[in-house]
Amino acid sequence: MPTERDFSSWTMPTVLLLSLGMLAIGCAPGQPTGQESDANDTTTGSSADSVPEEAVLKVASTTSTRDSGLLDVLLPEFEKANNCRVDLIAVGTGAALKLAEAGDVDAVLVHARSAENRFMDAGHGIRHEPIMHNFFIIAGPAADPAQASGTDAVSALQKIAAGKHRFVSRGDDSGTHKCEQSLWQKAESRPDWDDYIESGQGMGPTLIMADEMNAYVLTDEGTWLKQSENFQLVPLVRGAHDLKNPYAVIVVNPAKSSAINADLANQFADFLISRRAQQLIANYEINGHRLFHPDRLQRETPE
Amino acid sequence: MIREGILEALQLLLRLDASVIDAATRSLWVSIVAVVTAGAVGISVGLLLARKRFPGRSVLVLLFRVGMSVPTVLIGLLCYGLLSRRGTLGELELLYTPTAIILGEFFLALPIVATLTHGAISRLDQRVFETARTLGAGTIQRAMTYLREARLAIMLAVLTAFSRCFTELGIAMMVGGNITGRTRTLTTATALETARGEFASGVAMSVILLSIAMLVTLAIALLSREAVEPVS
Amino acid sequence: MTSPAQPAARSMIDISDLTVTKGGQTICHVANAIVTHGSTVGVTGANGSGKSTLLRVLADIETGYDGKCIVDASLKDRVFVHQSPYLFNGTVLSNVEYGLKARSASRSIRHEKAALWLERFGIAHLALRSVESLSGGEKRRTALARACVLEPKLLLLDEPLADLDPEGIDCVVRSLSKLDASTILITSPSPLPVDLTQATITLKQE
């Protein structure tokens, strides 16, 4: 009959084995030698003359940008071309700009134009380059009780407000949320009825919530395309002019900190507006849908 | 940032900021209900595991011990799977309600209480069991006696479970949804402030959370003062 | 050593070639012993000769043994008191009433019986004291009162006279004599008072 004592007779050797295993894994060599050359560098001269280790570019961006998958295509290209590594920190829009303001990152890639303008006006960034744009869409229940379907975002919201239909908002001061707020302003309605729900979360969870609650929601197209396969919700307002969502890259002011890699950040901005990157952006698709519209492509591309 | 956070926390408290009070009471309510129910079940389970022999007992003990290490995000995910419209309990429409958070935190607290109660009772002096039995105590009287003899350790188990529930984020976020005025807790509010870039506000929320946790810990310590036996 | 056998009555305890082994060692061996109902028997022997073990076997706490050991009392009628008794969290009174509660005695009966035995053991003045504040002797008398109040058919006391002063020993002897319906077994490393026991079982270390 198993007793507590039987337990401990094989627990000890197992614990020992596991500890040894973990120790072994921990001691295994594997980091790129670039990191170790720091420790071995005995020269007292300026580090600019030493052998170039792998350069790192710290970029802050939003979770929806990361979730769209576009950066998984663009960043490796840049890394290869410039022999560097990009550390992407994906957080909320507000946090991304805050990190840039604090000088903790070299560049920031967001889609919140008014916040970006304030950022530049305050002198936190030295370069601002529009890169691409896409559109928000308003999705909602298939039955569409508010009859919001159409191409006019403002009138859609007016109808939703009039009927006090269930609407899920991000409520987190993100680019999406700010766009939503400006639309409510244009629609001259204040969203404060019981069924107006603020999730305080990212786009993904907010969409899931809207789907679970069968509610209307304003979402960026990237997240929508990625997640909506099994949704009950359907897109109702698409391609509306006032749903434009522009993206830009900002090079953080190097005066903030000596650790800021302004050169590499500028190269990053150059890359994003280059033909190569713009073409990659134009061709990027999710489930057969083109997601972004490049802003800096000189020649007319078909479609 | 931390100093600003503490100052902001004081300001929020002094002017009785409505959203903070809302988040704080919700955090408290949800954690307390979860811990009370998990406590009742967990203490019974711990008692059983310690005193009753049955096939598979050591496997159960192991499972509950491992259960103490389950990440809250995982519990949140599993509960979401249960409560989602497409899930088994979807019809109950519990998703994004405080009840859903209570459910998740129940599963967070249960292994903690069960395992620590089992440990506490197993470690009781053998004479406790022999004395209770020889004096003729029935099952219930014996159970009550063991709990009373181990009550300090069991109280600590409940306090541990409460602390874990009160400060968790993964469950509240996933199945609660951080909805303003409905399912926002102190932890999800902190996450939101952080995502917004309002780091000082995030710290403020956390300071308030820590203060409440400290008050609860003190309260339990005072209540259990009688339980502390002087070294004889 | 056996007590004079009563051929007509059934004995309370009938032991024949009882052996208890732990880890390959024989820790207790009794060739044969018969204890009649109502008698008080001492169990003596050097330390380690198995006195406590014998009592534990009789109390059904120790269940692994070889040989014959027949006890004419149900489990509920046997009460064992440890060499170093454990008192439950609470007061002297709550401890003494513990077994009575198990037998669903009514409040008034519990109170009455507890008061009686507290008085007999000379600890009535400690009734509402917390057990943590008691001296060694007071704890022992509480444990004994807790057992005696149940007036069990078979009372098994493991070294009940240890850490008691002569007055305390006197108290215990007088109280135990009140239990004339009970069969009492008392272990002791040294010889017990003559007026206490009617017979003695002596254990030798194997």
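Analyst: Chains A and B share the most contacts of the two pairs of chains in contact. The model is predicted: local features need pLDDT of at least 70 and side-chain atom pairs count only at pLDDT 80 or more, while totals for chains, interfaces and linings use all residues. Residues are numbered from 1 along each chain as its sequence is written, and chains are lettered from A and ligands numbered from 1 in the order in which they are written.

User: What makes two residues count as in contact?

Analyst: Their C-beta atoms, placed from the backbone, must lie within 7 Å. By that rule, 20 residues of chain A are in contact with 21 residues of chain B.

User: Which element of chain A gives the most to the side that touches chain B?

Analyst: Helix 5 of chain A does, with four residues. Helices here are DSSP runs of H or I with at least four residues, strands are runs of E with at least two, and both are numbered from the N terminus. Helix 1 (4–27), strand 6 (196–198) and helix 9 (203–213) of chain A are also among the elements that give two or more residues to this side.

User: How far apart are the closest C-alpha atoms of chain A and chain C?

Analyst: They lie 15 Å apart, and no contact joins chain A and chain C.

User: What makes strand 1 and strand 4 of chain C a pair?

Analyst: Two strands pair if DSSP finds at least two bridges between them. Strand 1 (residues 13–22) and strand 4 of chain C have five bridges in the antiparallel sense, so they meet the rule. C:Ile13 stands opposite C:Val71 in strand 4 of chain C.

User: Why is one side of strand 2 and of strand 4 of chain C left without a neighbour in the sheet?

Analyst: The sheet is open, with three strands in the order 2-1-4 (chain C) and antiparallel pairing. Strand 2 (25–35) and strand 4 (66–71) of chain C stand at the edges, each with a single partner strand, so one side of each has no neighbour in the sheet.
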